[in-house]
Amino acid sequence: MKFERRTLSIEGINYAVRIHGKGKPLIALHGFSESAETWDLLDLPGYQIFAIDLLGHGQTDKPRAREPYRISPLLHALDLLIKALIGDQSFVLLGYSMGGRLALRYCLTYPQASVSSLILESTGPGLNSAKERDDRRKADEKLAENIMKKGPIWFADFWGNLGLFSSQKHLSESLQAQIWQRRASNSPHALANTLAGTGQGELTSVADQIDILPYKLLYLSGDLDKKYTQLGAEVFAPCQNVQVITVPDCGHNIHLENIALYNHIVREFLTGH
């Protein structure tokens, strides 16, 4: 598969985009501490994949100031970046985990955007109560302190050993090494700023707004990922515009744990079969 790397400057910040495939545009947003390369095996005939290195990740700039990482300026920059990439074309928006939280909020914040459909993988609508958000904020502050003190190698080991990613232990050694390397290549201040700016403790729930989106939405979770499978059943499934699929024998990161099945499910969703 051939890849094109493109860099675009949005309000003084350079964003890196990794592009493959031909056809209708699909914008793909990765998870926390990952990069655009996580989508390298996404294979959707008839679609051109624009995988973005989000702010502070991959080859995109990593400002030390915290303000660009906050949800409002981050979504504004994403909107400008998408327009710079594809103009006024309609596009599919795909987000995994943190990328899914951003994708959902982008659609709600920019209803005029030419989104044709939305795909969310292992993501939630936000925490309901102020106490939940406060608890998560404190946990993220502690994690950020540790990242700054102990560095990216410590973070890659710590993050990879979370129970959330236990199913990744069954991946090939080479793929596990790639995931670890992407996590270990992060800048501590960028991870800390991301946690402070758009961590789950900073985002109120948008669960009551999902069914106002005027297009179809696909929600994917792995059946080994009990938390997000439950969110899919309780929050997304009741919405008339959402198709919920639980993928067997997968955990939090379906597109790495079973890419063949992932490609098949997404193709069927996009073609309406």
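These legends walk you through close-up views of a predicted model.

**View 1. Helix 1 packs against helix 2.** Here you can follow helix 1 (residues 71–86) as it packs on helix 2 (residues 98–109), with the two axes 10 Å apart and an angle of about 80° between them. Angles of 65 to 115 degrees count as roughly perpendicular, and helix 1 and helix 2 are therefore roughly perpendicular to each other.

**View 2. The residues where helix 1 and helix 2 meet.** From helix 1, look for Ile71, Leu74, Leu75, Leu78, Asp79 and Ile82. Their counterparts in helix 2 are Leu102, Arg105, Tyr106 and Thr109. Sorted by class, this contact has seven nonpolar residues, one polar residue and two charged ones.

**View 3. Strand 5 is covered on both faces.** Strand 5 spans residues 91–96, and six of its six residues are buried. Phe91, Leu93 and Gly95 lie on one side, while Val92, Leu94 and Tyr96 lie on the other.

**View 4. Strand 5 pairs with strand 3.** Strand 3 (residues 23–29) and strand 5 run in the parallel sense and are joined over four bridges.

View 5. Tyrosine 96 has glutamate 121 as its bridge partner in strand 6.

Conventions
Residues are numbered from 1 along each chain as its sequence is written. This is a predicted model: local features need pLDDT of at least 70, side-chain atom pairs count only at pLDDT 80 or more; totals for chains, interfaces and linings use all residues. Side-chain values use heavy atoms; hydrogens and water are left out. Axes are lines fitted to C-alpha atoms, for helices over the stretch in contact, and angles run from 0 to 180 degrees between N-to-C directions. Helices (H or I, at least four residues) and strands (E, at least two) are DSSP runs, numbered from the N terminus. Angles under 35 degrees count as roughly parallel, over 145 as roughly antiparallel, 65 to 115 as roughly perpendicular and the rest as oblique. Contact means heavy atoms within 4.5 Å. Ala, Val, Leu, Ile, Met, Phe, Trp, Tyr, Cys and Pro count as nonpolar, Asp, Glu, Lys and Arg as charged, and the others, Gly among them, as polar. Buried means under 20% relative accessible area, exposed over 50%, partly exposed in between (1.4 Å probe, protein chains only). Two strands pair if DSSP finds at least two bridges between them.
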